[in-house]
Amino acid sequence: MAKIVLQKKLRGVVGLQKTQEAIKVLNELLQGEYMAVESFNNFISRIEDEEIKREFQEIQQQHRSNIQKLATHIQNMGGQPDENLGIKGKMGDMKVSMDLGFKTDDSEILKKAIEGETRGVNMAEKILRGNLDDKSRDLVGEILQKDRIAIRKLKALAEKKCLSSINMG
């Protein structure tokens, strides 16, 4: 009898550890989504082409939606969403600003947006390879799919605008 009780307690502890680990990695993804929103704020304020600006605003809105879904899911798992950008995020935002400098060259901004979205896809792929419950895996997979679509849209826009300086690789 005591052995059965102990086994149930151990399963509960292991389940709790897995949940806490899932919450931790989902919070990392949440931070990436906040960084994306901030980066797109920076990009949108500098972009001159109205079509590119509208596409950036749509992608930024998608990242805001991802933030809402991730935060709600983390809460539903019993966790607390880490909803401040933190030092890492602020450093990332400063890096984007410094990389762009005073330039408002749309092709360079578009290139930086593609690079940032690609980093987000790489992060989501890494998280998907981790130990997640089914609901978390589905949510991360949904975010990953939308980020891939955003990259395709940005690359198509770059091609349309004949921005040959962007590496389409």
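Predicted model: local features only at pLDDT ≥ 70, side-chain atom pairs only at ≥ 80, totals over all residues.

Colleague: Is Lys 161 buried, partly exposed or exposed?
Modeller: Go by the relative accessible area. Buried means under 20% and exposed means over 50%. Lys 161 has 26%, so it counts as partly exposed.

Colleague: And which residues does Lys 161 touch?
Modeller: Skip residues up to four places away in sequence, and you're left with Asp 49, Glu 51 and Ile 52. Take Glu 51: it sits 110 residues from Lys 161 along the chain, yet their C-alpha atoms are separated by 9.8 Å.

Colleague: How do I describe two helices that pack together?
Modeller: You give the angle between their axes and the distance between the axes. Here, H2 (residues 50-76) and H5 (residues 134-160) pack at about 175 degrees, with axes 11 Å apart. Angles over 145 degrees count as roughly antiparallel, so that is the label for H2 and H5.

Colleague: Which residues make that contact?
Modeller: On the H2 side they include Glu 51, Ile 52, Phe 56, Leu 70 and His 73. H5 brings in, among others, Ser 136, Leu 139, Ile 143, Asp 147 and Leu 157. Sorted by class, the contact has nine nonpolar, five polar and ten charged residues.

Colleague: What joins the side chains of Ser 136 and His 73?
Modeller: A polar contact of 2.7 Å.

Colleague: Now the confidence: what is the mean pLDDT of the chain?
Modeller: pLDDT is the predictor's confidence in each residue. The chain's mean is 83, and 74% of its residues reach 70 or more.

Colleague: Where is the pLDDT below 50?
Modeller: Residues 9-14 are one such stretch, and beyond near neighbours in sequence they have zero contacts in the model. Residues 164-169 are also below 50, but that stretch has ten contacts, counted beyond near neighbours in sequence.

Terms used. Residues numbered from 1 in each chain as written. Heavy atoms only, no water. Axes fitted to C-alpha atoms, helices over the stretch in contact; angles between N-to-C directions. Helix = DSSP H or I, 4+ residues; strand = E, 2+ residues; numbered from the N terminus. Parallel < 35°, antiparallel > 145°, perpendicular 65-115°, else oblique. Contact = heavy atoms within 4.5 Å. Nonpolar A, V, L, I, M, F, W, Y, C, P; charged D, E, K, R; others polar. pLDDT = per-residue confidence, 0-100. Polar contact = N/O pair within 3.5 Å; in protein donor to acceptor, adjacent residues only side chain to side chain. Buried < 20%, exposed > 50% of the residue type's maximum accessible area, 1.4 Å probe, protein only.
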